[in-house]
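Me: Got a model open here and I'd like to talk it through. Can you set up the terms as we go?

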Amino acid sequence: MRVDAPSIDAIRANRARLGDLIVTTPIRRLVDDAVAAAVGASTEVWLKEELFQRTGSFKPRGALSVMLDLDADALARGVTAVSAGNHAISLGYSARILGTTAKVVMPRTANPFRVQMCRELGVEVELVDNITEALRRVKEIEASEGRTFVHPYEGPKTALGTASIGLEFIDQIRDAGASLDAVIVAAGGGGLTGGVACAVKQMSPGTAVYVVEPEGADTMYRSFKEGSPQPINAIRTIADSLGAPRCEPYSFELNRQFVDEVVLVNDDQIRDAM
């Protein structure tokens, strides 16, 4: 099943709508002896430094792309989500600037610093024992309080937001007089990877897009192998922001249309890279 992918015009228009609610994050050529030793001196490595985005991650791009379409009644009722951290923080930021409220359900294993960031942004946080309980509880909140569920990685509007990273990256690389043979992007649920790949492939068809996943949270790898969205029964990786319990239909199909290959790395490789 092919899905309707966001066009470059639509991605650019949505980026303009987001305006200064998000930051056009910088790019930087990484010049480092250890990197040169690993990839070869003739290989240039460019970073898109999305860690300097508002809230410290890319997540507001997708959350705001969803929430800017909520009407006054929906905003009055507020939003809700399940998250281990970054999405919850972005929801708090988005809710505050749009004049609404957020209630999120988080696992007790979530990083305490991220939980505290949510609360400082005015988010009402409920802690539960596991992701199964979190998903059940968020449905109760939707039903009883009428809050809008904002998915952390699934859906066309979320992809429209994350695609702005790929759009900015290609624009910035061209402005720097360079080009990209390949883009490497990490997968949690697939909302980031699908959006980035969608923009990159439409703007620069010759650029390969590689998605990297931890072996202990390999939902996208399994889904590519099986040809349909797949779940995992447990998350076993130190990459705690990449631990999605399953692939979802839209983001899976968007990845399948635009991604060249999904590559697995183990925790030892992640530690070595760090």
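Reply: Helices (H or I, at least four residues) and strands (E, at least two) are DSSP runs, numbered from the N terminus. This is a predicted model, where local features need pLDDT of at least 70 and side-chain atom pairs count only at pLDDT 80 or more, while totals for chains, interfaces and linings use all residues. Residues are numbered from 1 along each chain as its sequence is written, and side-chain values use heavy atoms, with hydrogens and water left out.

Me: OK, what span should helix 7 have, and how far apart are its end C-alpha atoms?

Reply: Helix 7 (residues 131-145) has 15 residues and should span 21 Å at 1.5 Å a residue; its end C-alpha atoms are 21 Å apart, which agrees.

Me: Which residues of helix 7 are buried?

Reply: Ala134, Arg137, Val138 and Ile141. Buried means under 20% relative accessible area, exposed over 50%, and partly exposed in between (1.4 Å probe, protein chains only). Seen down the helix 7 axis, the buried residues fall within an arc of 105°, so they line one face of the helix. That arc is taken from the directions from the helix axis to the C-beta atoms.

Me: And what's on the other side of helix 7?

Reply: Thr132, Lys139 and Ala143 are exposed there.

Me: What covers the buried residues of helix 7?

Reply: The cover includes strand 3 (79-82), strand 4, strand 5 and strand 6 (148-149), with contact meaning heavy atoms within 4.5 Å.

Me: What about the ends of helix 7?

Reply: Asn130 caps the N-terminal end, with a side-chain oxygen 3.2 Å from the backbone nitrogen of Thr132. A polar contact is a pair of N or O atoms within 3.5 Å; within protein, one must be able to donate a hydrogen and the other to accept it, and residues adjacent in sequence count only if both atoms are side-chain atoms. After helix 7 comes Gly146, with a positive phi near 70°.

Me: Switching to the sheet: what's the strand order?

Reply: The order is 5-4-3-6, an open sheet of four strands with parallel pairing; two strands pair if DSSP finds at least two bridges between them. Strand 5 and strand 6 stand at the edges with a single partner strand each, so one side of each is left without a neighbour in the sheet.

Me: How many bridges join strand 4 to strand 5?

Reply: Five, between residues 102-107 and 124-128. Val104 has Val125 as its bridge partner, and Lys103 stands opposite Glu124.

Me: Is strand 4 mostly covered or open?

Reply: Mostly covered, as six of its six residues are buried. Ala102, Val104 and Met106 point one way, with Lys103, Val105 and Pro107 pointing the other way.

Me: Last one, what's up with Thr55's phi?

Reply: Phi of Thr55 is positive, near 80°, in a residue other than glycine. Most residues other than glycine have a negative phi. Thr55 sits in the loop between strand 2 (46-48) and helix 3 (59-67), and counts as partly exposed at 22% relative accessibility.

Conventions. The expected span of a helix is 1.5 Å times one less than its number of residues.
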